[in-house]
Amino acid sequence: MSSIEPMPGALASMWRALKRGYVAEPALLVISFALALLAALPDALYAVWLGLLGYGLIEANNTFVWIGAIGMGASATLTWTLRVVSDRTQRRFRDRVSIALESHVANLQASIVSIELHERAEYLDRLAVLRDQVFTLDHMYMSIFSTAGWILRLGVTVTILVVIHPALLALVLFAIPSLGASLWRPGLERAVEEKNAPFDRLAKHLFDLATMAPPGKEVRLTGVTRDLVERRRETWERWYRPVSRARNGSGVYQSIAWSIFGIGFVLAVVFVVYGLEAPAAQTLLLIGAGSRLAGYISATVGELGFLRGIWMDGSKRLAWLEDYAEAQLVEDTVDVPERIEHEIEFRNVSFKYPGADRFALKNVNVTLKAGSVIAIVGENGAGKTTLVKLLARMYQPTEGQILVDGKDLSRFEPQAWRLRLAGAFQDFFRFELHAKTTVGIGDEPEMSNGEAVTTAVHRAGADDVIDQLRNGLDTQLGPGWPEGVEVSFGQWQKLSLARGFMRNKPLLLLLDEPTAALDAETEYALFERYAQGIRRADAAEGSGTDGGITLLVSHRFSTVRMADHIIVLDGASLIEAGSHEELLAQEGQYASLYETQAAAYR
């Protein structure tokens, strides 16, 4: 995919967001909306009571004085009371719908088959803005409720003006420039912000580098703090300067628009006083309604600006993410097999990362036999990790097919396929949870099963890590948490490997340099024990194999040599394949690499 998909329309996106809020909290949404309208009505009638009070004073009519005074008191009291009740109800709705929206966004991203979303700069920019917006997207509902209330106030006020004289309706026309400015301004500013989002993202990244713990040692050792601070400031300025220019320019236009409304209001008063020669009470009603009209238009325009800018923009991004996730769904799926009977076959598989000029894999043809241990070797950038990603369905082949016992892998439902996989990777994540959970999340149904976790720890050779922890598997990992402990990189890697060993008999075990932080002897002993364990289990079952395939990526040939089959990649192509002995006999690239590494240990 060479270009990024456009975002859905604004109104349709907002309607979808509203429906999501209704699904999450239907009763609270309806009550909050009704209270917002109810709280607006007494405030809108304030000008009427003011006019009646003025008429009563001028005409010395105590009845109208009392009606006006009581009405003003009632309006003020009801406005304050209903506003408090409305605010509390809306806050409760906002808190509850906020959790629903955040969970929805998290589930959407987690459900997407491909990891392209996290590896393309254009998508990352959109997601960076959405992540900032999702925590405030719940305010969109409040803004809609408020807008409806202000529109109700406007309707009542305009009706009062028309009763005085229909020509006063022209005062609304003087508000159109300010309305247009408020609707246009946020969109302009948001477009500039998104265009320069890479600078904003980089500035935040540089700030994290200067302030967070993981890079802290190297930052201090190299003395690069001042440079990071200066680069962060410079990068932030590259984002802020065009944004500031856009804000200043739109601000000037908006100021002019409001000046036009001010002129219209003055003309309306002159028209009533001199043109209609209206009584003082009617003029007072105009001033009360007209002055409130300005406030109501200002508030309405402000809320519409928020809707047009932040909230509508956020709902568009949310709708885009929903559409993107839906587009990744696989139709007409086939069931994932219980076991691999024969093989996984790469048939003319090529892959090119989005936006890349060259292929990461090109015309790969190889067969991975059921029940075998396969090793992949090659120089950095040869395509080893890409091959693993394709098997895990993180990406789809650009060309060719991956067949599992003759069935196209792309037709398997991705989540169902991944539930039958297990793996550990060099770029693992540090889950700062209790040790039992950190390992157990490798197989969610068994996460709380202490025996299963202990077995996985033993498989990974991580018993020594658990033994050194203060409370064993119940120890909180990470020094930033209460009673949390520091864990070395090598220990984290062993726990990651244990997490990858949680699932029993996966169809495919993917081990992408998962022991790079361990020494060669430890890695060799670990995988020798693992490979022998597989073969003993197969022999005990009498079937020769349970169908599971183990795929190991490693630079250490002492480990690689124990594999049943070795694949050699170079320059995105498969150049050799066979057993350790067969590849040595060929005296090709594998033999050369093996001899070079072996010589270093002599």
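Here are some friendly notes on this predicted model, going from the whole chain to its sheet, cores and helix pairs.

1. **The chain overall.** The chain has 602 residues, and 45% of them are buried. Its secondary structure amounts to 22 helices and ten strands. Of the contacts between residues at least 6 apart in sequence, 76% link residues at least 24 apart.

2. If you look for the open sheet, you will find six strands in the order E6-E7-E8-E3-E9-E10, with mixed pairing. Strand E6 (421-425) and strand E10 (573-578) are the edge strands; each has a single partner, so one side of each lacks a neighbour in the sheet. On average, neighbouring strands are turned by 15° against each other, direction ignored.

3. **Inside the sheet.** E3 and E8 are paired in the parallel sense, over four bridges. Ile 374 sits opposite Leu 551 of E8.

4. **Helices on the sheet.** H13 lies across E3, E6, E7, E8 and E9, and runs at about 150° to E8. Helix H18 (residues 489-500) also packs on the sheet, where it touches E6 and E7; its direction makes about 170° with that of E6.

5. **The largest nonpolar core.** This core holds 35 residues, and those touching the most other members are Ile 344, Phe 346, Leu 368, Leu 391, Trp 417 and Leu 551. Among the elements giving two or more residues to it are strand E1 (343-351), strand E2 (361-369), helix H13 (384-391) and strand E8 (549-553). A second, separate core has 30 residues, including Phe 428, Ala 456, Val 487 and Met 502.

6. **Leu 391 up close.** This residue is worth a click in your viewer. Beyond its neighbours within four places in sequence, Leu 391 contacts residues including Ile 344, Phe 346, Leu 368, Trp 417 and Leu 551. Its other partners include Ile 402, Leu 409 and Leu 510.

7. **H1 with H2.** Helix H1 (residues 10-24) packs against helix H2 (residues 26-44) at about 115°, their axes 5 Å apart. From H1 come Leu 18, Gly 21, Tyr 22, Val 23 and Ala 24, which meet Pro 26, Leu 29 and Val 30 of H2. Seven of these contact residues are nonpolar, one is polar and none is charged.

8. **H4 with H6.** Helix H4 (residues 62-111) and helix H6 (residues 139-164) have axes 8 Å apart, at an angle of about 145°. Among the contributors are Arg 83, Phe 93 and Leu 101 of H4, along with Tyr 141, Phe 145 and Arg 153 of H6. This contact has six nonpolar, two polar and three charged residues.

Methods
Residues are numbered from 1 along each chain as its sequence is written. This is a predicted model: local features need pLDDT of at least 70, side-chain atom pairs count only at pLDDT 80 or more; totals for chains, interfaces and linings use all residues. Side-chain values use heavy atoms; hydrogens and water are left out. A nonpolar core is a set of buried Ala, Val, Leu, Ile, Met, Phe, Trp, Tyr and Cys residues joined through side-chain atoms within 4.5 Å. Buried means under 20% relative accessible area, exposed over 50%, partly exposed in between (1.4 Å probe, protein chains only). Contact means heavy atoms within 4.5 Å. Axes are lines fitted to C-alpha atoms, for helices over the stretch in contact, and angles run from 0 to 180 degrees between N-to-C directions. Ala, Val, Leu, Ile, Met, Phe, Trp, Tyr, Cys and Pro count as nonpolar, Asp, Glu, Lys and Arg as charged, and the others, Gly among them, as polar. Two strands pair if DSSP finds at least two bridges between them.
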